[in-house]
Amino acid sequence: MPLSIVVSKLPAAAMAIYPFILFKRAAYKNNPVLVNHEKIHLQQQLELLILPFYLLYFFHYLFNLAKYKNHQQAYFNIAFEREAYQNECNLGYLKKRKTFAWVKWLNPKKTV
């Protein structure tokens with residue numbers, strides 16, 4: 001498991017900030033689906049050499065916000081989130097995941 005920290009004021013249940021996974025509550029560390037979701041983000045961050053991931057994530061969110069005019073829709077349509085949510089229940093996903101797999105999620109109409 002990656003390094004984990006509990007941050008009670010976190011605005012989400014968990015958040016991946018390489019090389020850490022931040023959790024809102026200590027109990028969330030035991031949720032394999034949540035941990036897998038965040039590990040997918042850590043892998044995305046690594047393959048983009050960390051900083052470009054955050055820039056792409058932010059600009060993709062802003063683009064989606066302008067498009068959908070809704071925070072929730074903007075967030076759930078970020079390619080990185082689409083990949084993570086689609087595969088979070090597949091606990092073996094990271095073992096078979098191809099590099100830059102998130103790219104196929106850039107098309108909002110595509111369901112992979």
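Colleague: What should I know before I start?

Modeller: The model is predicted, so local features need pLDDT of at least 70, side-chain atom pairs count only at pLDDT 80 or more, and totals for chains, interfaces and linings use all residues. Residues are numbered from 1 along each chain as its sequence is written, and side-chain values use heavy atoms, with hydrogens and water left out.

Colleague: How is a pair of aromatic rings described?

Modeller: By the distance of the centres and the angle of the planes. Rings of Phe, Tyr and Trp (its six-membered ring) pair if their centres lie within 6.5 Å; planes under 30 degrees apart count as stacked, over 60 as edge-to-face and the rest as tilted. By this rule there are ten aromatic pairs here. Take Tyr75 and Tyr85: the ring centres are 6.1 Å apart and the planes are at 85 degrees, so this pair is edge-to-face.

Colleague: Where do Tyr75 and Tyr85 sit in the chain?

Modeller: Tyr75 is in helix α3 (residues 71-76) and Tyr85 in helix α4 (residues 79-87), ten residues apart. Helices (H or I, at least four residues) and strands (E, at least two) are DSSP runs, numbered from the N terminus. Tyr85 also pairs with Phe76: their centres are 5.2 Å apart with planes at 50 degrees, so that pair is tilted.

Colleague: Is Tyr85 buried, exposed or partly exposed?

Modeller: Buried means under 20% relative accessible area, exposed over 50%, and partly exposed in between (1.4 Å probe, protein chains only). Tyr85 has 33%, so Tyr85 is partly exposed. Tyr75, at 21%, is partly exposed, and Phe76, at 36%, is partly exposed.

Colleague: How many residues of α4 are buried?

Modeller: Seven of the nine, so α4 is largely enclosed by the rest of the structure. Among the buried ones are Ala79, Phe80 and Glu81. Their cover includes α1 (32-47), α2, α3 and α5 (93-96).

Colleague: Which residues form the largest nonpolar core?

Modeller: A nonpolar core is a set of buried Ala, Val, Leu, Ile, Met, Phe, Trp, Tyr and Cys residues joined through side-chain atoms within 4.5 Å. The largest has nine residues: Leu48, Phe53, Tyr61, Ala74, Ile78, Ala79, Phe80, Trp102 and Trp105. Both α2 (51-68) and α4 give two or more residues to this core.

Conventions
Contact = heavy atoms within 4.5 Å.
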